Amino acid sequence: MPKKRSGGGLTGTQQAAKFLGVSVLAGAVLAGIALPAAGVLGLAAKGTVKGFDEIPANLKRPPLSQRTTILDSKGGEIATVYSRDRTVVPLKDISPYMQKAIVAIEDSRFYEHGAIDLKGVLRALNKNATSGGVAQGASTLTQQYVKNVFVEEAGDDPDKVAQATQQTLGRKIQELKYAIQVEEELGKKKILENYLNITFFGQQAYGVEAASQRYFSKPAKDLDLEEAAMLAGLVQAPSRYDPVNDSEEARKRRNVVLQRMADVGNITQADADKAKASDVKLKVSRPKNGCITAVDGAGFFCDYVQQVFLADPVFGKTREDRAKIWNRGGLTIKTTLDPQAQKSAQESIKSHIYQSDQVATAVTMVEPGTGKIQAMGQSRPYGFGKNETTINYSVDKKYGGSNYGFPVGSTFKPFVASAAIEQGLSPAQVYSSPYQMPYPASISACDGKTWLNDAKSNLENEDASEIGPYGLKEAMELSVNTYFVQMIEEIGLCPVVDMVDKLGVVQGNGTKLPVAPAPLTLGSTGISPLVMANSYATFANRGMYCTPTAIESIRTADGKSLAVPKSSCERAMSERTADTINTLLSGVTDSGTGRKAGLESRANAGKTGTTDERKNAWFVGYTPNLSGAVWVGSPSQQVNMMDITIGGQYHPKVYGGEVPGPIWRDAMTGALENREALAFNSVTLPEAPKDESSGGDGDGDGDSDGDSDSDGGFSPGGRLGDGKPGDGEPGDGDSGNEPIPGISVPADLLGGAASQGTGGGDAATEGQDSGDGVVEGQGSGGWD
């Protein structure tokens, strides 16, 4: 039985005959296909020309999808990404052997016929009639090129691909009409060039340049005879003749091509015989596609660049428009990533936290004054295996991060202080700062509203020895909870809301922070490391906030420049306020909770933070020319960091200055090497009166459950400890656990836009994790 083609019901022989009849009889068509205009086969053309002429012939040739190259700020390659691995090259950069081989095997009369080859059609018709099926095709290179244009336009949509390749008479006629147009517009050499650039050669390689690199690790212009013949043979059936998986089938097919080249006079028979006797010699380069191949752990930054491109209207009105541009590729994207900073961040991460640890870390660095993201790394690599993830812990959900970010603890307190100073409060302001106190009965909020402590909730400092009165300097260095709650009681919640808005501080899901004392004083709300690093960069930039940016320039395949989003800068606070905060936070790294994070050779400032039940530990710090945030914790918020080993080191309790602090120190040290050591514009802080009978100078970054953010070396009453982990750190008792009103973390804390399975121990949103499991409600209490 003859084989039937889909979409028609006619056999291949019947379709070919009908197709031939229509084409031959169309007088207007005959000129385009170089056939005699009258009397062909003795058939009449009445009624045929009009119908053919009505078929549209405006073939649109969209730019071919190519690979996009993502570069760092110095021009080094971070990664290549593509929907189709292709590099378009001109005909002069394609080996003459390759040009002759593809013509010989696919359309040996290419330079002699028009859009269709009558002899080829008659030959195929005869062969198919003899075999009773479809044994031989008759498409010219031009027709094949047109079909590939349809396939290219269909992209990865299986329905559109099927439609583009269906073997129906209507599609064949349409293909022919377009082929005539292409022959008239492009000419033979350009058609051959386009064909060699669009055709699929297997192994994810589209176009001869990508194929040459894949199989032989060389450019297409350097292909020799045997190599060119092998690639030409792949076009008919890339999987069947794949030399990587079946070298013998590939050799047989190559030899068919070589013989055909000899038959049509492209090479001598002797040359063909010599080439046929050689083995298939490959030098295979594996596909290098996607952010998973990024260097120096920059896979998450690479992914962030893509997410920014897809999200920003500067690249297209709709996400679909932007996705088309991205998938088309051919872009060269120069980013803000500093290779020195990125390498330093990743090396610091690896030296302090293991990939297999129960907890993970994320490190992000931003340049003050420009918003340029200079480093972005984490301890669990970008990937899909065990202890790997594609969730970017450094960024908001919108850009592939976790659903809500991570609670930041006491690293929020500088925002409160800057709001208070902007309101005119003196840095010498003293509050009683008792060890324990109820939240204020009411605090003024925005729009004439008032926050009420309906739950009668209490809070406490890290240790019973932390009893005021305190001034701001000492309260910041020791991270005294009750001091900052008394401060916000005086100034109200709204100034803090205004300040964090100016600093670009939002929750990880992109929404504003809740208007309540806990999130606006003690950092109970989830925020991303990028947001924290960038907001602290405002202090370093003397009060000027700049939006973060990752892309410096984009160039298309044809050399045109695309507009890119620029950082915009606005004043968030006065220079005097920023200088005051810088002076205060310099004390934290000099003699406060962040001493282990302090840099020896340059001015630096920062703040530690540890959250309820030690589920998160932070250090956010900066120099005048670089700001960085380090988060450590369980992505799924299921690990209390007590009696835990991290990076091979045992910790009775994890503190913001003890684990994140050294990561920040080492990462910043390498990132700033050979950079100018700038100084802050420091101010002289007025001395606050101190009641000599008050409590000690503990090193706590205390949350209300009694856990501190101490880093060793201090003990109650200001006595130096021996530096052992957990020794000399006030507040070892875990008393309290008083709930903070109105604060809870949803069960889907992690699992952002890129929620693929992440392997053991990572977040388990939507049942993807085999490790920690989904997040339970964290309760509402005690964030330091």
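By the rule used here, two cavities of 30 Å³ or more turn up in this structure, which is a predicted model.

I will start with the largest cavity. Its volume comes to about 40 Å³. Which elements give two or more residues to its lining? They are helix H22, residues 529–540, and strand E12, residues 544–546. The lining includes Asn 534, Ala 537 and Thr 538, along with Met 544, Tyr 545 and Cys 546. Asn 541 is also on the list, as are Glu 367, Pro 368, Gly 369 and Gly 371. Sorted by class, that lining has five nonpolar residues, five polar and one charged.

Next, the backbone. There is a cis peptide bond between Gly 468 and Pro 469, with omega at about 10 degrees. To find it on the model, go to the loop between strand E10 (458–460) and helix H18 (472–478), where Pro 469 sits.

Two aspartates come next. Asp 296 has a phi near 50 degrees, a positive value in a residue other than glycine. Its place is the loop between helix H13 (269–276) and helix H14 (299–311). Is Asp 296 buried, partly exposed or exposed? Its relative accessible area is 40%, so Asp 296 counts as partly exposed.

Then Asp 643. Here too phi is positive, near 50 degrees, and the residue is not glycine. Asp 643 belongs to strand E19, residues 642–646. Its relative accessibility is 57%; the cut-off for exposed is over 50%, so Asp 643 is classed as exposed.

Technical notes:
Residues are numbered from 1 along each chain as its sequence is written. This is a predicted model: local features need pLDDT of at least 70, side-chain atom pairs count only at pLDDT 80 or more; totals for chains, interfaces and linings use all residues. Side-chain values use heavy atoms; hydrogens and water are left out. On a 1 Å grid over the protein atoms alone, a cavity is a set of points where a 1.4 Å probe fits but cannot get out, and a pocket is an open set with protein on both sides within 12 Å along at least five of seven lines; lining residues have an atom within 4 Å of a point. Grid points are joined across faces, edges and corners, and a volume is the space filled by probe spheres set on the points. Helices (H or I, at least four residues) and strands (E, at least two) are DSSP runs, numbered from the N terminus. Ala, Val, Leu, Ile, Met, Phe, Trp, Tyr, Cys and Pro count as nonpolar, Asp, Glu, Lys and Arg as charged, and the others, Gly among them, as polar. Buried means under 20% relative accessible area, exposed over 50%, partly exposed in between (1.4 Å probe, protein chains only).
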